[in-house]
Amino acid sequence: MTRNDVARLAGTSPAVVSYVINNGPRPVSESARQRVLDAIKQLGYRPNAVARSLRSRRSWTIGVIASDSAGGKSPFFGQFTRACEEVAWQRGYSVLFGNSAEDPARAEGYVRGFLERQVDGLVLMRVPVSPDQAEEMRGRVPVVTIDHAAPPFFSRLAVDDEEGGYQATRHLLEHGHHRIGFVGGPLDITPVRLRAAGWRRALQEAGVEPAAELVAEGELSLEGGYDAALRLLSPPARPTALFASIDGQAIGAMRAAADLGLRVPGDVAVVGFDGAREAAYTVPGLSTISQPIDEMARHATETLVSAIESEGVEPVTKIFSAHLVTRGSCGCPEPRLHR
């Protein structure tokens with residue numbers, strides 16, 4: 001299978017195929033690019049990676065390191081990494097994935113390993129980087145961080161976590177709840193801390209004391225949400241509503257409520273955060289603060305590729321808006337699933 005075969009099927013010249021594969025040096029219309037990509041997929045064409053790397057001085061590989069790349073703890077990660085991979089494939093890059101499992105030493109090992117494999121850039125999803133390691137990466141490869149504080153020479157993407165926590169809590173207050181518990185991961189994690197700040201601000205505006213007894217920390221997972229909710233919902237003066245820092249914890253909290261004989265939302269209302277696809281399939285459906293996961297992943301990958309392929313691109317910071325999606329878990333009407 002050759003480049004000429006791809007060109008014939010796509011109805012273009014071999015040069016256009018080369019421009020698509022190498023992302024230049026000349027621009028290609030979107031329609032022609034898509035025909036070439038479709039032909040490559042149909043024919044199973046694979047360029048000679050070694051020759052391509054020697055010509056371009058790139059590995060055509062990017063590294064994506066997440067604190068849970070498989071999405072086993074939070075559906076956010078699985079959805080995000082799938083979208084990253086799709087955009088990278090369209091731009092001609094392969095992706096190496098690493099799961100730091102919230103272990104700083106393991107994250108550092110993945111960074112070093114990926115740099116040794118000469119990746120062209122890195123996406124770090126909720127992965128902290130020490131100042132020494134940040135300096136080591138500086139000038140070697142472009143880096144995009146997701147949902148974490150970053151040095152000014154990295155690009156940074158995040159959602160407005162505090163505003164999302166505020167929206168979720170305001171909505172529960174509007175349903176008449178005043179004892180609103182917060183189920184969160186460790187508060188030293190930046191997004192969790194900011195979402196808790198939004199919960200606290202909404203309560204204070206309503207004249208409600210955000211008491212320490214209303215906060216239960218747990219692992220950022222289904223199990224963590226389950227265990228934290230059991231602690232919050234067991235005392236006699238239990239909350240009548242819960243805001244969880246991720247959807248996985250919210251789903252775990254709904255199961256805990258069921259095991260305690262409590263009805264959702266009749267006895268306890270629940271709102272999560274992430275907007276994961278799974279939220280629509282719980283019973284009742286999980287109300288959630290939805291962040292644009294696919295859009296964030298596309299933007300992160302495009303930002304990284306632009307920095308790889310263009311000299312002198314300045315790092316960017318972009319904060320995405322989140323919005324409330326209401327379903328039955330908060331007491332709102334249950335919408336019909338649309339497929």
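Biologist: What share of the contacts in the protein with a separation of 6 or more comes from residues 24 or more positions apart?

Modeller: Such pairs account for 69% of those contacts. Contact here means heavy atoms within 4.5 Å. This is a predicted model, where local features need pLDDT of at least 70 and side-chain atom pairs count only at pLDDT 80 or more, while totals for chains, interfaces and linings use all residues. Residues are numbered from 1 along each chain as its sequence is written, and side-chain values use heavy atoms, with hydrogens and water left out.

Biologist: How many helices and strands does the protein have?

Modeller: The protein has 12 helices and 12 strands. Both are DSSP runs numbered from the N terminus: helices are H or I with at least four residues, strands are E with at least two. The C-alpha trace spans about 70 × 45 × 30 Å along its principal axes.

Biologist: How do I read a helix pair?

Modeller: Two packed helices are described by the angle between their axes and the distance between the axes. Axes are lines fitted to C-alpha atoms, for helices over the stretch in contact, and angles run from 0 to 180 degrees between N-to-C directions. Take helix 8 (residues 161-174) and helix 9 (residues 190-205). Their axes come within 7 Å and cross at roughly 40°. Helix 8 is therefore oblique to helix 9. Angles under 35 degrees count as roughly parallel, over 145 as roughly antiparallel, 65 to 115 as roughly perpendicular and the rest as oblique.

Biologist: Is that crossing left-handed or right-handed?

Modeller: Helix 8 crosses helix 9 in a right-handed way. The near helix is turned from the far one clockwise for right-handed, or anticlockwise by less than a right angle for left-handed. The residues of this contact comprise 8 nonpolar, 3 polar and 7 charged. Ala, Val, Leu, Ile, Met, Phe, Trp, Tyr, Cys and Pro count as nonpolar, Asp, Glu, Lys and Arg as charged, and the others, Gly among them, as polar.

Biologist: Which residues does Tyr-166 touch, not counting residues up to four places away in sequence?

Modeller: Tyr-166 sits in helix 8. Its partners are Gly-198, Trp-199, Arg-201, Ala-202 and Glu-205. Tyr-166 is buried, at 16% relative accessible area. Buried means under 20%, exposed over 50%, partly exposed in between, with a 1.4 Å probe and protein chains only. From Tyr-166 to Leu-194 is 28 residues in sequence, and 9.7 Å in space, C-alpha to C-alpha.

Biologist: At what angle do helix 1 and helix 3 pack?

Modeller: Helix 1 (residues 3-10) meets helix 3 (residues 30-43) at about 120°, with the axes 9 Å apart. That makes helix 1 oblique to helix 3. Their crossing is right-handed.

Biologist: Now the interior. How should I read a core?

Modeller: In soluble globular proteins, nonpolar side chains tend to be buried together. A nonpolar core is a set of buried Ala, Val, Leu, Ile, Met, Phe, Trp, Tyr and Cys residues joined through side-chain atoms within 4.5 Å. Here, buried residues make up 50% of the 339 residues. The largest nonpolar core has 50 residues, and Phe-80, Met-125, Ile-146 and Leu-172 touch the most other members. Helix 12 (residues 293-309) supplies the largest share, 7 residues. Beyond four places in sequence, Met-125 touches residues including Val-64, Phe-76, Phe-80 and Ile-146. Another core lies apart, with 19 residues, among them Ala-216, Ala-256, Ala-257 and Val-264.

Biologist: Where does Pro-265 lie?

Modeller: Pro-265 is in the loop between helix 11 (247-259) and strand 9 (269-274). The peptide bond from Val-264 to Pro-265 is cis, with omega near 10°. Val-283 and Pro-284 are also joined by a cis peptide bond, with omega about -5°. Pro-284 lies in the loop between strand 9 and strand 10 (287-290).

Biologist: Is Gln-118 buried or exposed?

Modeller: Gln-118 is exposed, at 59% relative accessible area. Its phi is near 60°, positive in a residue other than glycine. Gln-118 lies in the loop between helix 6 (104-116) and strand 3 (121-125). Now take Asp-274 in strand 9. Its phi is also positive, near 150°. Asp-274 is buried, at 0%.
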